[in-house]
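This report describes the overall build of one protein chain and then looks at a few of its parts. The sequence and the structure come first.

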Amino acid sequence: MAVTVDFDADELWLAEDPANAARPGVLSQARYGARTAVPELLQIFARLDIPATFFVCGGDAVRYPDVLESVVAHGHEIGHHGYTHRSPHLMARDEEETELVRGLEALRPIAGEIHGYRSPSWDISGNTLELLAAHGFSYASNMMDAVRPYTHPGHGLVEVPVHWSLDDAPHFWFDATSWNKTMRSAREVAEVWEEETSAIHAGGGLVTLTVHPQIIGRPGRLRMLEAFLTRLRADDGIWFARGEEIAAAVRAVEVAA
Ligand SMILES: [Zn+2]
């Protein structure tokens with residue numbers, strides 16, 4: 001099981017609409033994620049001894065360096081989540097590469113070597129995998145085509161696959177601009193996650209849970225998250241691992257084969 005946290009704070013809202021830069025109320029949601037929810041998540045992971053992977057936007061690393069330092073101090077892995085939160089498929093190749101390099105430059109001084117990449121909105125371009133391989137990444141986590149990690153042919157990058165069902169955003173994210181999203185109760189979401197997790201576990205696959213501090217960080221949802229993870233943690237048959245450990249395990253199996 002990979003517990004992953006997409007730490008996209010202000011960058012999420014600025015990519016939705018640059019005018020959000022002048023909307024303190026909108027941005028207060030991002031600040032809540034960074035200042036209140038991340039410390040709560042770190043405490044939950046510490047209580048359960050769960051190693052996590054935080055995919056961080058470079059712009060948010062610059063904005064909240066102390067938050068990133070705290071995540072690193074707790075022993076979690078830091079991955080790349082864009083510099084801004086704009087989807088790579090909307091960028092020309094050069095622009096995407098610049099974004100990748102800026103993100104690495106923002107993350108490395110605090111987090112050291114960066115191994116993993118998850119694009120904003122899991123929306124990579126036709127150039128993304130090649131750029132990741134060229135810039136020394138060992139794994140990516142964007143695809144919905146498997147329930148087991150695998151290696152991308154030609155690039156050598158390991159894929160740590162994901163799915164919307166095991167994400168918090170599609171279930172909880174309320175859109176105040178359009179009012180077209182419904183908030184589910186934490187109980188309903190726990191049911192979805194449990195159905196999916198137990199079936200993947202039974203088949204020997206990988207559960208990649210994805211949460212966002214500003215979404216999962218509400219008190220009732222955090223309570224659900226901790227209860228959900230506590231039940232899984234009690235199962236000795238589940239390996240909790242960071243993205244880079246999963247990528248290394250996949251490579252080791254390939255070498256042995
Ligand atoms: Zn994101």
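The model is predicted: local features need pLDDT of at least 70 and side-chain atom pairs count only at pLDDT 80 or more, while totals for chains, interfaces and linings use all residues. Residues are numbered from 1 along each chain as its sequence is written.

Along its principal axes, the C-alpha trace spans about 55 × 45 × 35 Å. The chain holds eleven helices and eight strands; these are DSSP runs numbered from the N terminus, with helices being H or I of at least four residues and strands E of at least two. Buried residues make up 43% of the 257. A residue is buried if 20 or more other C-beta atoms lie within 10 Å of its own, exposed if 12 or fewer, and partly exposed in between, with C-beta atoms placed from the backbone. Among contacts between residues at least 6 apart in sequence, 73% join residues at least 24 apart; two residues are in contact if their C-beta atoms, placed from the backbone, lie within 7 Å.

Two of the helices are set out below. The expected span is 1.5 Å times one less than the number of residues.

| Helix | Residues | Length | Span, first to last C-alpha | Expected span |
|---|---|---|---|---|
| α2 | 24-48 | 25 residues | 35 Å | 36 Å |
| α8 | 186-202 | 17 residues | 24 Å | 24 Å |

Helix α2 has a kink of about 40 degrees at Ala37, shortly before Pro39. The bend at a residue is the angle between axes fitted to the seven residues ending there and the seven starting there. Ala37 is also one of the buried residues of α2, which include Ala30, Gly33, Leu41 and Phe45. The buried residues of this helix pack against β1 (2-7), α1 (10-16), β2 (52-56), α4 (65-73) and α9 (213-216).

Ile44 also lies in α2, but counts as partly exposed because it has 19 C-beta neighbours inside 10 Å. Leaving aside residues up to four places away in sequence, Ile44 touches Leu222, Leu225 and Glu226. After α2 comes Asp49, with a positive phi near 55 degrees.

In helix α8, the buried residues are Ala186, Val189, Trp193 and Thr197. They lie on the same side of α8, because they cover an arc of only 65 degrees around the axis; the arc is that of the directions from the helix axis to the C-beta atoms. These buried residues pack against α7 (169-172) and α10 (219-233). On the other side of α8, Arg187, Glu191, Glu195, Ala199 and Ala202 are exposed. Just after the helix, Gly204 has a positive phi of about 75 degrees.

Strand β2 is largely enclosed by the rest of the structure, because five of its five residues are buried. Ala52, Phe54 and Val56 cover one side, with Thr53 and Phe55 on the other. In a regular strand the side chains alternate between the two faces of the sheet.

Strand β2 runs parallel to β1, joined by five bridges, and parallel to β3 (residues 77-80), joined by four. Strands pair if DSSP finds at least two bridges between them. Val56 in β2 is the bridge partner of Phe7, and Glu77 in β3 is that of Thr53.
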